[in-house]
Amino acid sequence: MKERIRRLLPEIAWIDSPELQEKVVCTYVDALTVGGWQPEDMEHIPFTLLIPDCPFSYLDHVRGVTRVAKCAMEEFNGIYSKKDPAFTLNHDDLIAGALLHDVGKLAEYEKLPDGRTVKSQLGRDLRHPFSGTVFAMRNGCSSRIAHIIANHAGEGDGTLRCPEAVVVNKADFINFESVKSFLGMK
């Protein structure tokens, strides 16, 4: 299962630490197992239930958020950290947080016999920022990465997000709101 996850999410290789790469993969194994999914299902699970008939998958969304966040980090670090190294976004924390920001959806959603994806009982009880935080922490991810996951969505509004969580939050909404806007324009 681990190699299948790495193949589907090649951005895992962007994480410099092999140990953190493994923790990210193990977090995915855990969430997929709890949710009753196979890695390839991520190509078909809708990335949101808030957009009816959304044409993009969970995998599309996670990869899109990770790529936008990485580009933002590179540009931010290219300007701000040159002037003051204290203003450097942490590469591995940001990439891991972006890759895992929606991992809780793998337990928040379930597939019905008729093929529809709906909220699971766990999903009705806990939104994905909470369950994703648990998956990450029980697989050895740092509290900083858990913070990114926990605060990437509305649950983090009004809190003080770490800088990497700010970038992942904005990358998530760039992807979500842009897709929603395109679909609303049809």
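Which element gives the largest share of the lining of the largest pocket? That share, 3 residues, comes from helix α9.

## Basis of the model

This is a predicted model, in which local features need pLDDT of at least 70, side-chain atom pairs count only at pLDDT 80 or more, and totals for chains, interfaces and linings use all residues. Residues are numbered from 1 along each chain as its sequence is written, and side-chain values use heavy atoms, with hydrogens and water left out.

## The largest pocket

The largest pocket has a volume of about 300 Å³ and is lined by 18 residues, of which T48, L50, K105, R127 and H128 lie nearest its centre. Two or more residues of the lining come from each of α5 (105–108) and α9 (163–184). Here a pocket is an open set of points on a 1 Å grid over the protein atoms alone, where a 1.4 Å probe fits and with protein on both sides within 12 Å along at least five of seven lines, and lining residues have an atom within 4 Å of a point. The points are joined across faces, edges and corners, and the volume is the space filled by probe spheres set on them. Helices (H or I, at least four residues) and strands (E, at least two) are DSSP runs, numbered from the N terminus.

By class, the lining holds 7 nonpolar, 5 polar and 6 charged residues, where Ala, Val, Leu, Ile, Met, Phe, Trp, Tyr, Cys and Pro count as nonpolar, Asp, Glu, Lys and Arg as charged, and the others, Gly among them, as polar.

The structure holds 4 aromatic pairs, one of which joins F173 and F176 in an edge-to-face arrangement, 6.5 Å centre to centre with 75° between the planes. Rings of Phe, Tyr and Trp (its six-membered ring) pair if their centres lie within 6.5 Å, and planes under 30 degrees apart count as stacked, over 60 as edge-to-face and the rest as tilted. Both phenylalanines, F173 and F176, lie in α9, 3 residues apart, about one turn of the helix, and together with F47 they form one aromatic cluster. F173 is partly exposed at 33% relative accessible area, whereas F176 counts as buried at 13%; buried means under 20%, exposed over 50%, and partly exposed in between (1.4 Å probe, protein chains only).

E164 is also found in α9 and is buried, with a relative accessible area of 4%. The side chain of E164 makes a polar contact of 3.2 Å with the side chain of R144, and a polar atom of the E164 side chain lies 2.8 Å from the backbone nitrogen of N90. A polar contact is a pair of N or O atoms within 3.5 Å; within protein, one must be able to donate a hydrogen and the other to accept it, and residues adjacent in sequence count only if both atoms are side-chain atoms.

## Loop residues

In the loop between α2 (18–35) and α3 (58–83) is C54, which is buried at 13% relative accessible area. C54 and G184 are 130 residues apart in sequence and 11 Å apart in space, C-alpha to C-alpha. D53 is found in the loop between α2 and α3 but counts as exposed at 78%, and phi of D53 is near 55°, a positive value in a residue other than glycine.

D114 lies in the loop between β1 (109–111) and β2 (117–119), where a polar contact of 2.8 Å joins the side chains of D114 and R116.
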